[in-house]
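Please look over the sequence and the model shown here before reading on.

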Amino acid sequence: MRDVVRADPAIKRHLDDPITRHMRQDFSRLHVNQTVGEALDTIRQHPPEGRVIYFYVVDDDSRLQGVVPTRRLLLSALDKKVADIMVREVITISHQATVLNACEFFTLHRLLAFPVVDEDRRMAGVVDVELYTTELTELDRSERNDYLFQLVGVHLTEAQQSSPLIAFRSRFPWLLCNIVGGILAAFLAGVFEDELQRAVALALFIPVVLALAESVSIQSVSLALRVLHGQSPTWASILAKLRAEVVIGLLLGVASALLVAVVAAVWLGQRNVVLCTLGGIACGVAGAAVIGMAIPTLLHRLKLDPQVAAGPIALAASDMVTLLIYFNLARWLMA
């Protein structure tokens with residue numbers, strides 16, 4: 001990227017423009033408490049000045065609640081609530097983002113427009129695909145276009161463009177988390193050796209307990225990285241996402257634990273092993289889900305690269321938490 005910036009710094013300055021300079025503020029608003037009929041009447045009485053792509057649903061404080069595609073609004077019953085037909089999970093762009101961030105959003109998500117929101121999810125404006133196409137046409141169609149695509153491409157896949165040595169230096173330190181985690185896991189197995197000797201069957205289920213926790217942790221990391229892309233989350237939004245992840249993790253953990261516990265009961269018939277497996281998986285998966293969501297967010301706040309570091313740290317932490325829960329349950333049940 002540095003070579004590209006040196007080659008044409010004007011492009012870099014342009015792409016580093018705040019998105020607030022390029023967003024539209026004539027977007028179509030609907031109120032969350034309106035019916036479809038009331039919303040259509042409002043639109044007819046106050047037709048939007050600009051092009052309509054999506055209708056954005058807000059509350060009394062202009063906080064974004066959802067989005068309604070035009071087709072869904074036109075085809076829904078007039079007495080239906082707007083809140084019942086809106087899409088609640090909305091991909092937003094932070095008001096602190098740049099034009100380059102917006103171009104990446106259009107490349108990654110393939111949507112026609114994105115709402116621009118502040119830290120409290122109040123809508124500041126809308127950036128639509130016209131910005132993306134304008135950025136391409138306003139720059140020269142030959143060499144300058146190549147620079148634009150190179151900037152976006154390198155920014156998205158910078159790790160792939162680095163030399164092997166640079167990639168090694170950036171990735172290996174975080175793998176030490178897995179090495180340390182593996183050593184600590186072996187140490188924990190030694191600490192709880194008595195429990196494992198009293199119920200050798202406990203050791204049989206360690207791989208599945210860890211595999212489930214690690215899988216859920218990586219899922220949460222992936223979702224967190226997607227949410228963080230181009231945004232600066234507030235502490236309130238972080239806490240809300242963590243609360244939601246606790247519930248999701250518990251549901252995933254309980255469902256997985258029940259399946260494994262049934263197998264353990266049929267196969268071994270040992271009550272303590274079944275209970276330990278049930279509790280270890282349910283609590284371990286819930287903890288891993290929270291860890292997977294929290295680690296990328298924490299790294300982002302610390303100005304570290306979560307794409308490289310979050311996975312190894314989350315996996316090591318999830319293993320430790322899950323094993324501690326599993327072994328301590330075993331110690332308690334077999335005391």
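What follows goes from the whole chain to one strand and its neighbours.

This is a predicted model, in which local features need pLDDT of at least 70 and side-chain atom pairs count only at pLDDT 80 or more, while totals for chains, interfaces and linings use all residues. Residues are numbered from 1 along each chain as its sequence is written, and side-chain values use heavy atoms, with hydrogens and water left out.

**The whole chain**

- The protein chain holds 16 helices and six strands, where helices (H or I, at least four residues) and strands (E, at least two) are DSSP runs numbered from the N terminus.
- Of its 335 residues, 44% count as buried, a term for under 20% relative accessible area, with exposed meaning over 50% and partly exposed in between (1.4 Å probe, protein chains only).
- Among contacts (heavy atoms within 4.5 Å) with a separation of 6 or more, 72% join residues 24 or more positions apart.

**The sheet**

- Strands of a sheet pair through backbone hydrogen bonds, either parallel or antiparallel.
- Three strands form an open sheet in the order β4-β5-β6 with mixed pairing, where two strands pair if DSSP finds at least two bridges between them.
- The edge strands of this sheet are β4 and β6, each of which pairs on one side only.
- Strand β4 (residues 93–94) runs parallel to β5 and is joined to it by two bridges; I93 stands opposite V116, and S94 has V117 as its bridge partner.
- Strand β6 (residues 123–128) pairs with β5 in the antiparallel sense over five bridges, and the bridge partner of A113 in β6 is D128.
- The hairpin of β5 and β6 has five residues between the strands, and R121 takes a positive phi near 65° there.

**The cover around β5**

- In a regular strand the side chains alternate between the two faces of the sheet.
- Strand β5 (residues 113–117) is mostly covered, with five of its five residues buried.
- Helix α6 (residues 99–109) lies across β4, β5 and β6 and runs at about 135° to β5; the axes are lines fitted to C-alpha atoms, for helices over the stretch in contact, and angles run from 0 to 180 degrees between N-to-C directions.
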